[in-house]
Amino acid sequence: MQGHPVFKHFAGLSEPVVTKGHEIAEDMRDRWETSDSPIVHKIQDVSDSIFQESDAAASIKEIRRRDPSFSLMDFVAEVQEAIRPVLNAYMKGDIETLKKYCTSEVINRREAEHKAFEAHGIFFDNKILHISDVEVREIKMMGTSPLIIVAFQTQQVHCIRDQNGAITEGGQDTIHTVYYAWAMRQVDPEELGGGAIYPIWKLMEMQQLGVQSLI
């Protein structure tokens, strides 16, 4: 999943090993971003402006061409509301619920994972305690489809049981902070079928960027 083109942006966040080359690159980037040189700041401003106009702005234009009523504020609110049911359904392998919110890519992967976990006697008994505010990280086009990448974090109970119900990892008092990135794709009415009139947003990719133990 980390190699998926949607998430190449985030791949480094979950890598535990940092090579010397990465350290040097990070050092050079930090020097660039914190430079007091007015020339550097001017280049950064121009670069940001170019990318905003050529990528994000073009993507927003395409989104609104498909759906003139689109509001980024409403979109964020809808994603925020969907997080809990989607994560709960994903943990439990509730495919029918996932079909309401996710594309076939997510559903097919979860079905395969669920079968593999069951075959190895692994059953998740996690519980979501808290969800942070959703942040929009990027708006882009992937092929002909508009894509909005969002990030958020949860605090959740980490508990894994075997087929007999015995805890094999974590427990009801093991709390983790989990960092997520979601890629939401605007799906056309033609693809939705069933007499749909307007495009809707569905989860196309989900990645855990990292996990931090709290308790």
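This is a predicted model: local features need pLDDT of at least 70, side-chain atom pairs count only at pLDDT 80 or more; totals for chains, interfaces and linings use all residues.
Visitor: What makes up the fold, in helices and strands?
Guide: There are 6 helices and 6 strands. Going from the N terminus, the order is α-α-α-α-α-β-β-β-β-β-α-β. Of the 215 residues, 38% count as buried. Among contacts between residues at least 6 apart in sequence, 62% join residues at least 24 apart.

Visitor: On to the rings. How many aromatic pairs are there?
Guide: The count comes to 6 aromatic pairs.

Visitor: Why is the pair of F70 and W201 called tilted?
Guide: Start with the distance: the ring centres are 5.9 Å apart, and the cut-off for a pair is 6.5 Å, so they pair. Then the angle: the planes stand at 45 degrees. Stacked needs under 30 degrees and edge-to-face needs over 60, so 45 degrees makes the pair tilted.

Visitor: Where in the chain do these two sit?
Guide: F70 is in the loop between α2 (38-66) and α3 (72-92), while W201 is in strand β6 (residues 200-213). They are 131 residues apart, and the pair links distant parts of the chain. Both F70 and W201 are buried. Ring pairs also bring in F75, giving a cluster of F70, F75 and W201.

Visitor: What makes F152 and W182 an edge-to-face pair?
Guide: Their centres are 5.2 Å apart, which is within the 6.5 Å limit. F152 belongs to strand β4 (residues 145-161) and W182 to strand β5 (residues 167-187), 30 residues apart. Both of these residues are buried as well.

Visitor: How do you know that the charge of R110 sits over the ring of Y90?
Guide: The charged end of R110 is 5.0 Å from the centre of the Y90 ring, and the distance limit is 6 Å. There is an angle condition too, within 35 degrees of the ring normal, and R110 is listed as sitting over the ring.

Visitor: Which residues make the contact between α3 and α5?
Guide: From α3 come Y90, M91 and K92, and from α5 come V106, R109, R110, E113 and H114. The axes of α3 and helix α5 (residues 104-119) come within 9 Å and cross at roughly 35 degrees. By type, the contact residues divide into 3 nonpolar, 1 polar and 4 charged.

Visitor: Why is T103 called buried?
Guide: Its relative accessibility is 5%, and buried means under 20%, so T103 qualifies. T103 is found in the loop between α4 (95-101) and α5. Leaving aside neighbours within four places in sequence, T103 touches R185, K202, L203 and M204.

Visitor: What makes the T103 and E105 side chains a polar contact?
Guide: The distance between them is 2.6 Å, and the cut-off is 3.5 Å, so the pair passes on distance.

Visitor: Is I175 buried or exposed?
Guide: I175 has 11% relative accessibility, and the line for buried is under 20%, so I175 is buried. I175 lies in strand β5.

Note on methods. Residues are numbered from 1 along each chain as its sequence is written. Side-chain values use heavy atoms; hydrogens and water are left out. Helices (H or I, at least four residues) and strands (E, at least two) are DSSP runs, numbered from the N terminus. Buried means under 20% relative accessible area, exposed over 50%, partly exposed in between (1.4 Å probe, protein chains only). Axes are lines fitted to C-alpha atoms, for helices over the stretch in contact, and angles run from 0 to 180 degrees between N-to-C directions. Contact means heavy atoms within 4.5 Å. Ala, Val, Leu, Ile, Met, Phe, Trp, Tyr, Cys and Pro count as nonpolar, Asp, Glu, Lys and Arg as charged, and the others, Gly among them, as polar. A polar contact is a pair of N or O atoms within 3.5 Å; within protein, one must be able to donate a hydrogen and the other to accept it, and residues adjacent in sequence count only if both atoms are side-chain atoms.
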